[in-house]
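Hello,

Here is the structure I said I would pass on. Please look through the sequence and the model first; my notes on it follow below.

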Amino acid sequence: MIHIQHLYKTYPGPVHALRDLNLKIARGEFVFLTGPSGAGKTTLFKMISAYDLATSGKIHVAGFDLNDIKASEVPYFRRKIGVVFQDFKLLPNKTVAENVALPLMILKEEKRFIQKQVTDLLEQVGLSDKADQWPETLSGGEQQRIAIARALIHKPDLLIADEPTGNLDPLLSEEIIDLFERVSKQGTTVVIATHDHGLVQRRNKKVLELRQGEVREIASSELIKNISATLAEGL
Ligand SMILES: Nc1ncnc2c1ncn2[C@@H]1O[C@H](COP(=O)(O)OP(=O)(O)OP(=O)(O)O)[C@@H](O)[C@H]1O
Ligand SMILES: [Mg+2]
């Protein structure tokens, strides 16, 4: 689903955000991406979702070669992926149902089809009764479930979530990860960037750690050691 070889991303400065990063994520995998602040998690997600260009290296995602993708192909590529952000990014002047419908509206799908999909998705995230409310009248956890419904409505092959529980309390965070696990069981590849090591340790999933622009797979039990190492580095 994702195959990255020798990826470099350098911002002006220069800031070497990613350095010779190599990564393979298979179709259907559920992966946590962890690593200290500034390690390059958001940068990597921007590369994977074709929101920004790599400085060099090869990126293949969902059957597309992102080094070679034409502007006219980007909308087709975006249909293959769903993206969830820490701050939800719901539109305040649209109802919950309209927010969820947005990706299909952009694709100019038929109205009846859109309505059916929105109803199905709201049911899946347990918020059917909130369809006509404004986002600001929902709790943080509810808003994030709406954002996830929106990311899933075009049935993406890959779902990437950048700190999706960063603004939520521990209980709601667990609920959101439960929801991602259900999505994964339906066949979607899921990649979640998170700082929350407790959350990662409570799930038996693949963990990739990004550190100074490089990635490696670690056992979740190693996370505790790494927290100590990070704290020690800071002293
Ligand atoms: N647009 C940009 N211009 C210049 N430097 C940037 C830009 N975006 C990110 N960086 C730098 O690249 C590095 C990686 O940033 P990134 O946002 O990817 O980290 P992160 O792992 O997502 O961190 P956090 O956990 O705090 O969200 C940082 O040093 C950051 O300052
Ligand atoms: Mg980030």
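**The antiparallel sheet**

Strand β1 (residues 2-11) runs antiparallel to β2, and 7 bridges join the two. Strands here are DSSP runs of E with at least two residues, helices are runs of H or I with at least four residues, and both are numbered from the N terminus. Two strands count as paired if DSSP finds at least two bridges between them.

Before going on, a note on the source: this is a predicted model, in which local features need pLDDT of at least 70 and side-chain atom pairs count only at pLDDT 80 or more, while totals for chains, interfaces and linings use all residues. Residues are numbered from 1 along each chain as its sequence is written, and chains are lettered from A and ligands numbered from 1 in the order in which they are written.

Thr 10 has His 16 in β2 as its bridge partner. The hairpin of β1 and β2 has 3 residues between the strands, and Gly 13 takes a positive phi there, near 150 degrees. β1 is also joined to strand β4 (residues 56-61), by 5 bridges and again in antiparallel fashion. Gln 5 stands opposite Lys 58 in β4.

Together, 4 strands make an open sheet with antiparallel pairing, in the order β2-β1-β4-β5. β2 and β5 are at the edges with a single partner strand each, so one side of each has no neighbour in the sheet. Asp 65 is in strand β5 (residues 64-65). Asp 65 counts as exposed because it has 12 C-beta neighbours inside 10 Å; the scale is buried for 20 or more other C-beta atoms within 10 Å of a residue's own, exposed for 12 or fewer, and partly exposed in between, with C-beta atoms placed from the backbone. Asp 65 and Val 200 are 135 residues apart along the chain, and their C-alpha atoms are separated by 30 Å.

**The mixed sheet**

A second open sheet has 6 strands in the order β6-β7-β8-β3-β9-β10, with mixed pairing. Its edge strands, which pair on one side only, are β6 (81-84) and β10 (214-218). From one strand to the next the twist averages 20 degrees. Strands β7 (residues 158-162) and β8 (residues 189-193) run parallel and are joined by 5 bridges. Within that pair, Asp 162 has Ala 193 in β8 as its bridge partner.

Gly 28 is in the loop between β2 and β3. With 14 other C-beta atoms within 10 Å, Gly 28 is partly exposed. Leaving out residues up to four places away in sequence, Gly 28 touches Gly 187 and Thr 189, where contact means C-beta atoms, placed from the backbone, within 7 Å.

**Helices on the sheets**

Helix α1 (residues 41-48) lies across β3 (30-34), β7, β8 and β9 (206-211), at about 150 degrees to β7. α1 also lies across β1, β2 and β4, at about 120 degrees to β1. Helix α6 (residues 170-185) lies across β3, β7 and β8, at about 155 degrees to β8. These angles run from 0 to 180 degrees between N-to-C directions, with axes fitted to C-alpha atoms, for helices over the stretch in contact.

**Ligand 1**

The residues around ligand 1 include Tyr 11, Val 15, Lys 41, Thr 42, Thr 43 and His 195; the test is a C-beta atom, placed from the backbone, within 6 Å of the molecule. β2 (15-25) and α1 each supply at least two residues of this shell, and α1 gives the most, with 3 residues. By class the shell has 4 nonpolar, 7 polar and 1 charged residues. Nonpolar covers Ala, Val, Leu, Ile, Met, Phe, Trp, Tyr, Cys and Pro; charged covers Asp, Glu, Lys and Arg; the others, Gly among them, are polar.

**The two domains**

The chain is divided into domain 1 (2-80 + 158-234) and domain 2 (90-155), with bounds from an automatic or database domain assignment. Their centres, taken over C-alpha atoms, are separated by 25 Å. The contact takes 10 residues from domain 1 and 9 residues from domain 2. On the side of domain 1 that touches domain 2, the largest share, 5 residues, comes from α6.

Helix α3 (residues 96-106) has buried residues, among them Val 96, Asn 99 and Pro 103. The buried residues of α3 pack against α4 (111-124) and α5 (140-152).

Regards

How values were computed. Contact = placed C-beta atoms within 7 Å.
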